[in-house]
Amino acid sequence: MNKKKIVAALLCAGLTVPVLAKEGGDQYPNGAENWLAGAIPPPGDYFINYFGYYSGDLVDGDGRKVKGGNDVSAWFDALRYVHVSERKFLGGNWGWHVIMPFVYQDLSLGGRSSDKFALGDMTFNPFFLAWHKDNWHWVAGVDINVPTGKYKSGDPTKSIGANYWSFEPLFAFTYLGDTGWEVSAKFMYNIKTENQDFRPARGAPKMDYQSGDEFHMDYLVGKRFGQWGVGLAGYYLKQTTDDEIDGKKISSEMGPWSDGRRGQVFAIGPSVTYATAKGTHMVAQWQHESHVENRFEGDKFYFKLIMPLQ
């Protein structure tokens with residue numbers, strides 16, 4: 001494959017899922033967990049809905065927009081079911097959850113443009129543990145991201161899913177102060193398998209694309225006033241290993257990327273929450289991205305609803 005085709009392949013590889021990224025996309029919607037991120041509710045069944053909108057432009061390894069109309073807008077609605085058991089292990093309550101995301105995206109990359117609505121990559125966690133002590137709450141587990149989303153080899157503008165599995169150890173905590181202050185954070189490390197059906201263009205031979213592993217975290221600092229709360233929240237992501245094609249690290253000569261095409265992003269914005277007397281929680285959030293490399297850079301708006309099913 002000549003260099004021009006490789007450049008086109010890498011540019012077109014910036015496909016997306018609920019929250020946009022580089023090749024393969026982000027299977028986890030960064031910034032989704034802020035208020036009470038580590039405070040798993042009492043034993044029972046819960047429904048959580050994440051509804052939002054994202055728009056952004058593709059950014060190169062120097063933090064500059066890639067020219068040529070490489071942009072995306074997407075609506076997403078992720079449905080999550082959580083079960084928290086009375087059973088305890090190591091002093092913590094056992095629970096499990098599953099997330100089913102639906103995505104509408106309008107994506108332009110490398111001269112191609114298409115819009116698509118489909119199921120995204122689902123997330124399943126069969127075993128997490130949650131602890132509570134005084135003002136502190138924390139949870140640990142491993143999420144498994146499953147490639148259930150629509151994937152079109154050779155044309156990322158028609159893809160929603162990443163076409164690989166990933167495994168994500170996580171730890172989250174929440175501190176609820178006596179005066180209404182809250183500090184919450186969720187730490188994750190995403191470990192990806194290969195996409196063995198990657199094609200630089202339609203009709204081209206298949207290649208193995210290995211997206212790099214990533215450390216990422218969601219965070220919040222906020223103050224509660226009765227049933228209301230206001231604060232600043234966002235996320236940070238830093239890729240820790242290189243992207244590779246057929247076992248070879250992506251070079252900066254292949255496109256507008258830095259060596260290894262390691263992505264990063266920092267986001268922050270205002271967040272408002274409201275809790276009803278019956279245990280329903282609502283969160284409204286705007287997050288603005290900056291310090292971006294090798295990914296999309298933009299703004300995200302979402303509304304989160306948490307409801308007990310009992």
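**Exercise 1.** Determine whether Glu214 and Lys192 are buried or exposed, and how their side chains meet.

Solution. Glu214 is buried, and so is Lys192. Buried means under 20% relative accessible area, exposed over 50%, and partly exposed in between (1.4 Å probe, protein chains only). Their side chains meet in a salt bridge, 3.0 Å from N to O. Such a bridge is a side-chain nitrogen of Lys or Arg within 4 Å of a carboxyl oxygen of Asp or Glu. The pair links distant parts of the chain, 22 residues apart: Glu214 is in strand E11 (residues 214-225) and Lys192 in strand E8 (residues 181-192). Helices (H or I, at least four residues) and strands (E, at least two) are DSSP runs, numbered from the N terminus.

The model is predicted: local features need pLDDT of at least 70, side-chain atom pairs count only at pLDDT 80 or more, and totals for chains, interfaces and linings use all residues. Residues are numbered from 1 along each chain as its sequence is written, and side-chain values use heavy atoms, with hydrogens and water left out.

**Exercise 2.** Characterise the largest pocket by volume and lining.

Solution. Start with the volume, about 530 Å³. Of its 29 lining residues, the closest to the centre are Leu36, Ala39, Ile40, Pro41 and Ile48. A pocket is an open set of points on a 1 Å grid over the protein atoms alone, where a 1.4 Å probe fits, with protein on both sides within 12 Å along at least five of seven lines; lining residues have an atom within 4 Å of a point. The volume is the space filled by probe spheres set on the points, which are joined across faces, edges and corners. Now turn to the strands. E17 gives the most to the lining, with 4 residues. Strands that each supply at least two residues include E1, E2 (71-89) and E17 (296-308).

**Exercise 3.** Describe the surroundings of Val230.

Solution. Val230 is found in strand E12 (residues 228-239). At 42% relative accessibility, Val230 counts as partly exposed. Leaving aside neighbours within four places in sequence, its contacts (heavy atoms within 4.5 Å) include Trp35, Phe225 and Val272.
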